[in-house]
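This briefing goes through one chain by topic. Please keep the sequence and the coordinates at hand while reading.

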Amino acid sequence: MRRRKWAWLLALVMLLGLLSGCGSSKTEAASPAEEPVAMAMDSAAVEEMGYGGAADRGTASGTANGAKRIYTANLELETTAFDAAAEGITALTERCGGWYESSSLSSRGSGYRYADYTVRVPAEQYRAFLSEAGELCHLLYKDEYVEDVSEVYYDTAGRLKTQQVKLERLQALLEKAEDMEDIITIESAISETEQQIDDLSGTLQHYDAKVDYATVYVNLREVGRLSNVEEPATGFGAQLAAAFSSGWKHFVSGVQDLVIGLAYGWMWVLAAVVLVALAVRKLKKKKPALPKLHKKEDQQE
């Protein structure tokens, strides 16, 4: 009789586990009329666990009105004062409460430097960071992307709550179990449930980190002259003069880059000249002499 009782209890627990595993598919298959109800239930479960409560929703742009949004941006900047610009971006990051997730500094063959930064800033400082970074340097390119993860976030939080309730019930059953076979079965179910709780908790923590802190990829380049800073010409004469001026500037800039490149690689240029001279000299030595033409006169007797 006792075995039958425990069998029914274990069957009930396993059924609860199956229902929790089907929670996500049930949410996806819900009709439009049921979606707000499901979202409200998930949100309530999340608040009960301490995820994204009402106190947190108004403090960050990533969680406005309970929505979970991940903000990402790409900035391409250039400057003629590289050291000052790099220090300015570092100071701006610290002032916004962010940090460098990664950074790299390189030097090009022409002597100009460029840096890549992966910046993490609080979501509420995201717009301010983009605006001030564009004022520190000359902005060439900006790209923004927003990913709304509200549905998957609250679905994960709801399944986590279900697994936590399941764990509590399994632990209560374990305290009452007396038969060794029942104890082993319940402990196995507890271990599987704890693993699912760890996985779901890790997923929520990952989303929290992405939502609370926006990611900005910054590319900073050092240049001798800023791009696209000339005023547009209106008349034909002004456009022609601007074209000549721009062409001359590009020619001078190209010659300067060529000279700087040759200065960096003067050894290779000298070696190439020596090799060409040796090759020409060798070809001259191997050149066959032209045969002399002798005029044959017919002698008639």
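Predicted model: local features only at pLDDT ≥ 70, side-chain atom pairs only at ≥ 80, totals over all residues.

Residues are numbered from 1 along each chain as its sequence is written, and side-chain values use heavy atoms, with hydrogens and water left out.

**Overall make-up**

- The chain has ten helices and five strands; these are DSSP runs numbered from the N terminus, helices being H or I with at least four residues and strands E with at least two.
- Of its 301 residues, 29% count as buried (buried is under 20% relative accessible area, exposed over 50%, partly exposed in between, with a 1.4 Å probe and protein chains only).
- The accessible surface is about 20,500 Å², and 57% of that belongs to carbon and sulfur atoms (Shrake-Rupley method, 1.4 Å probe; for residues, only the protein chains shown count as cover).
- Contact means heavy atoms within 4.5 Å; among contacts between residues at least 6 apart in sequence, 78% join residues at least 24 apart.

**Thr 215 and Arg 120**

- Thr 215 is part of strand β5 (residues 213-222) and counts as buried because its relative accessibility is 7%.
- Beyond its neighbours within four places in sequence, Thr 215 contacts Tyr 71, Thr 72, Ala 73, Thr 118, Val 119 and Arg 120.
- The side chains of Thr 215 and Arg 120 are joined by a polar contact of 3.2 Å (a pair of N or O atoms within 3.5 Å; within protein, one must be able to donate a hydrogen and the other to accept it, and residues adjacent in sequence count only if both atoms are side-chain atoms).
- Arg 120 also forms a salt bridge with Glu 101, the closest N and O atoms being 3.2 Å apart.
- That pair links strand β2 (residues 99-107), which holds Glu 101, to strand β3 (residues 113-122), which holds Arg 120, across 19 residues of sequence.
- Arg 120 is buried at 6% relative accessibility, whereas Glu 101 is partly exposed at 46%.

**Other salt bridges**

- A salt bridge is a side-chain nitrogen of Lys or Arg within 4 Å of a carboxyl oxygen of Asp or Glu, and the count by this rule is nine.
- Arg 69 and Asp 148 form one of them, at 3.8 Å from N to O.
- Arg 69 lies in strand β1 (residues 69-79) and Asp 148 in strand β4 (residues 138-148), so this pair ties together parts 79 residues apart in sequence.
- Glu 76 and Arg 221 form another, with their closest N and O atoms 3.4 Å apart.
- Here Glu 76 of strand β1 is linked to Arg 221 of strand β5, 145 residues apart.
- Glu 76 is partly exposed at 25% relative accessible area, and Arg 221 is partly exposed at 22%.
- Asp 83, Arg 113 and Glu 222 are linked in a salt-bridge network.

**Helix α8**

- Helix α8 (residues 180-212) has 33 residues and should span 48 Å at 1.5 Å a residue; its end C-alpha atoms are 47 Å apart, which agrees. The expected span is 1.5 Å times one less than the number of residues.
- At the start of α8, a side-chain oxygen of Asp 179 comes within 3.1 Å of the backbone nitrogen of Glu 181.

**Nonpolar surface patch**

- Met 267, Leu 270, Val 274, Leu 275 and Leu 278 make a nonpolar surface patch of about 490 Å².
- Patches take residues with over 30% relative accessible area and no salt bridge, joining like charges within 9 Å and nonpolar side chains (Val, Leu, Ile, Met, Phe, Trp, Tyr) within 5 Å.
- Leu 278 belongs to helix α10 (residues 266-286).
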